[in-house]
Structures are given as C-alpha cells and as structure tokens.
Amino acid sequence: MKKCSIRRAALVIAFAFVFGCKDTGEKANVLPSNDFTVEQAQQWFSDFQKSARSFGQAGDRVIWGAATQRKVTADDEIVVAPVLSGNFLGCRIKDGRKDKRKPDEEYIAGRIQRSLVVRKVRGKIEAMEMRTVYDADYEPRTVNGRTDTSNFEGKVYFFDMNGKLVNGLIYESGKQVAMFGPVKGGRTSDMVEVCTDWYHQGCVDGYGCSGWVYQETTCEMVYIGQSSGGTGTVWSNSLDVTLTGGSDVLFEALMQLPYVSELWGSMNQTEKDYFQSRKWLIPQAAFAWGSAKVFVQLFYCNDSDDGNWNAFKHAAWSAFLCMQFGVSTTLEITNNHELLSPVNQKTMDLFNNDLGIKAYKKMSATLASMPAYNPGPKLALIANTILQKITEGMGVRLAPENVPEGTFQMFMSTDETGLCN
C-alpha cells in the first residue's frame, strides 16, 4: 500500500494577506476630498504599493468590489475590503486574563478572515491589516437576512504596514471584554505572546498546487487587560463591517479558490442555505472536502460510489471536518449533505460519517498535542487511522457497486479490497 505524502496531503484553502510598506512621504498620504470613497482607497493603495516593499505573495487579491466605506467620525473614515490569497496562516495567543473564560486557543485557515482597512484620518491615509479570528463554537445569527453581530465571539487583530500589532480586541457573547496591544492598558494587565506562523503554497495554472511550505514564525510580547468595550471607534467599526459584509463579488471570488466551486456544486439547497449565512466556514469545509478527495485517490485510485473507497472518503471527510469545526458543526454539515440521498446510500453514508466522527473523538487528545498551525501530520494521522478501520471491516459498503438506481444492493462490511496496486 502506498504511504501518504504529508506534503501532498496538506492542501489548505485559506484567507490570508500580509503587507508591509516603507514610508513614501506625507504627500502620498493626503487626499483633498472630504469624503473617502472606495475608489479613492483603491487608487491610493495601488499607487502606494508601487513604491512599497510587500511581504505578501503574487496571488494576494483585495476584493475591492466587496469593499465598504464607513464614516467613523467627522474626520475619520475607513474603507474595509476582504482579501483572498494563497497563503496559510496560523494564529496563537496565550490569554493571560485572570478572569478568562476560555482556554488558550490556536486558530488556522478558515477561522481567520483577512481584511484590508484603508483609513483616512484628518486628511492623512494609512493602511492596516485586520484579522478577524472566530472562536470555534461561534455560530452567527441572521436578522432580516443580515448577519446579527450581537453574539460575536472571537479575537480581532490590527497590524500596521510593517507587520507590528497596533491593537487587539477580545469579544465574548457580543461584548468587548478585553484588549491587547504593545502599550499597557486596562484595569489589569498581563504580558502575553502573539505568534503568527506563515506557510505558502505554490500554484501553476494547469498543473495544480504544491503542498504548503513553511516560511517563518513571527512573535511579539504584548499587554492584555480588561476592557469595558465601546463603540464608535475605528476598531469596532472595522469589525462591524467585516462581520456584516459579504457580496456577490466576494462570493464569486470564493468560488475561484481550489475545491470551493466543486464543493458548492455538490451541495443541495439546504446545504447552500446553511453556508450562505456562514461564508467564513466555506474555505475550511472545502479544505476538508479536498483533503478527503486527495486521500481517497491516494489509497484507492477511485472516487466513485458504494465501495470501500466511498466508505473511506465519508469517514475521512467527517473526521477532517471535526478537526476544523468540532463535532457539533460537523454533524450539521454532514446531515445536511445526506438529506436528499437515496435511502440505501443515505444509511450507508450516515454510518460512515459517524465512524469518522467517533474515530476523531478517540484521536482528539493526540491531535490536540500536535501543532494546530501545521495540518499535514494531523491529516496523515487521521487518514491512516480511518484507512485501518475501513480495512478491518468497521465501515459499511453497498454491493454490487455503481449499479443503476433501483438495482438491489446488499449492505456489507468494508474490507481490504479496492486499494491501489
């Protein structure tokens, strides 16, 4: 049997963007207009990049068509635009609050939404990178078709154009409960470490993408303290725009990422409705989908219905989803996916989905001890564990395979057959 390649397996769909600029002089940072438009922000950023050193990759794209302009105060305006890229990002923060309610967490891939904030304040323009990091158990709500931000839980990072942390916010149940940054503030403070782990994926049109290649880790010590929160600031306005934003332009851009359009095309309407109000889940869902397809081809050289390979794919897919979202969200996603399946296939797929979830739960302690920001070893461990369970007969398959609908099929235990020669 072939051994899996971690490099080949670590296919990640992610939001990512880093940029860094040197000062180009005051003249480049001043606009005569009293109203700051998306078009002005786009033109300024385009001109600024021409003479600036950028830490990003060639594939970085600011989705200006989905940008939103907002006036914070009379002399402070922002334009917030989502960013898509071929970079993989892991973020870690050691939460030192004495009254913290959540354990320290690591975040990867689709739990991080990347945005470019172009700010015009008192006639001068500056740009910041914003990272909105969603807590694993955060579930968005919609009111009148729009995202309700009143229950947001997560962390928000703002970095200047040299990659230095400017400000950070922590939200629980929709309320700002703490802030962190390079300057001590708040009623109580602790020193904590914020780290970012960067990977890059090389893609060539017509030839696909390579595995993720580690680039660097950047860390800095910052202060974290209690905060009574507050609205009306550039930070809270930028977050509100990011949480409530989203347009057809952004959705079309998402569809251009590897595996996303393929996953979307396989969905029933219930699934699509579910993800429409949870767009930030789409990259990670596509990551799990794409990873399962990579491994089923690697082990079985077959991606059709009914057989051992199909049992493996469903179990692996469910386990990969658990790695990204946890069991509860995985059950929602997988149950929605099977709603319209024929009765026999639905029974088979739900059984194998459950096998993958149970396998993940047994591995969870081991997986938790492995770095969250590098998914390759986790993927390999999950895939090999699922493969062992399928070959030992713990999954369910239908036989004969791939017959016309309505043909009698028997439920059988999985076995060792069907593996690549």
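In the predicted model, the side chains of Arg119 and Glu126 meet in a salt bridge, with a nitrogen-to-oxygen distance of 3.3 Å; a salt bridge is here a side-chain nitrogen of Lys or Arg within 4 Å of a carboxyl oxygen of Asp or Glu. Arg119 counts as buried at 16% relative accessibility, whereas Glu126, with a relative accessible area of 30%, is partly exposed (buried means under 20% relative accessible area, exposed over 50% and partly exposed in between, with a 1.4 Å probe and protein chains only). Residues are numbered from 1 along each chain as its sequence is written. Because the model is predicted, local features need pLDDT of at least 70 and side-chain atom pairs count only at pLDDT 80 or more, while totals for chains, interfaces and linings use all residues, and side-chain values use heavy atoms, with hydrogens and water left out.

Over the whole structure, the search finds 12 salt bridges. In one of these, the closest N and O atoms of Glu262 and Lys293 are 3.3 Å apart. Glu262 belongs to helix α5 (residues 260-265) and Lys293 to helix α7 (residues 282-300), so the pair ties together parts that are 31 residues apart in sequence; helices (H or I, at least four residues) and strands (E, at least two) are DSSP runs numbered from the N terminus. Glu262 is partly exposed at 37% relative accessibility, and Lys293 is buried at 16%.

Asp303 forms a further salt bridge with Lys313, the closest N and O atoms being 2.7 Å apart. This pair links distant parts of the chain, with Asp303 in the loop between α7 and α8 and Lys313 in helix α8, 10 residues apart. Asp303 counts as partly exposed at 24% relative accessibility, whereas Lys313 is buried, with a relative accessible area of 15%. Through salt bridges that share partners, Glu262, Lys293, Asp303 and Lys313 are joined into one network.

The whole-structure search also finds two cavities of 30 Å³ or more, a cavity being a set of points on a 1 Å grid over the protein atoms alone where a 1.4 Å probe fits but cannot get out. The second largest cavity holds about 40 Å³ of space, the volume being that filled by probe spheres set on the points, which are joined across faces, edges and corners. This cavity is lined by Leu263, Met267, Glu271, Phe275, Ala285, Trp317, Leu321 and Ile333, where lining residues have an atom within 4 Å of a point. The elements giving two or more residues to this lining are α6 (269-276) and α8 (308-325).

Key: 1 Å grid on protein atoms, 1.4 Å probe; cavity = no way out; pocket = protein on both sides within 12 Å on 5 of 7 lines; lining within 4 Å.
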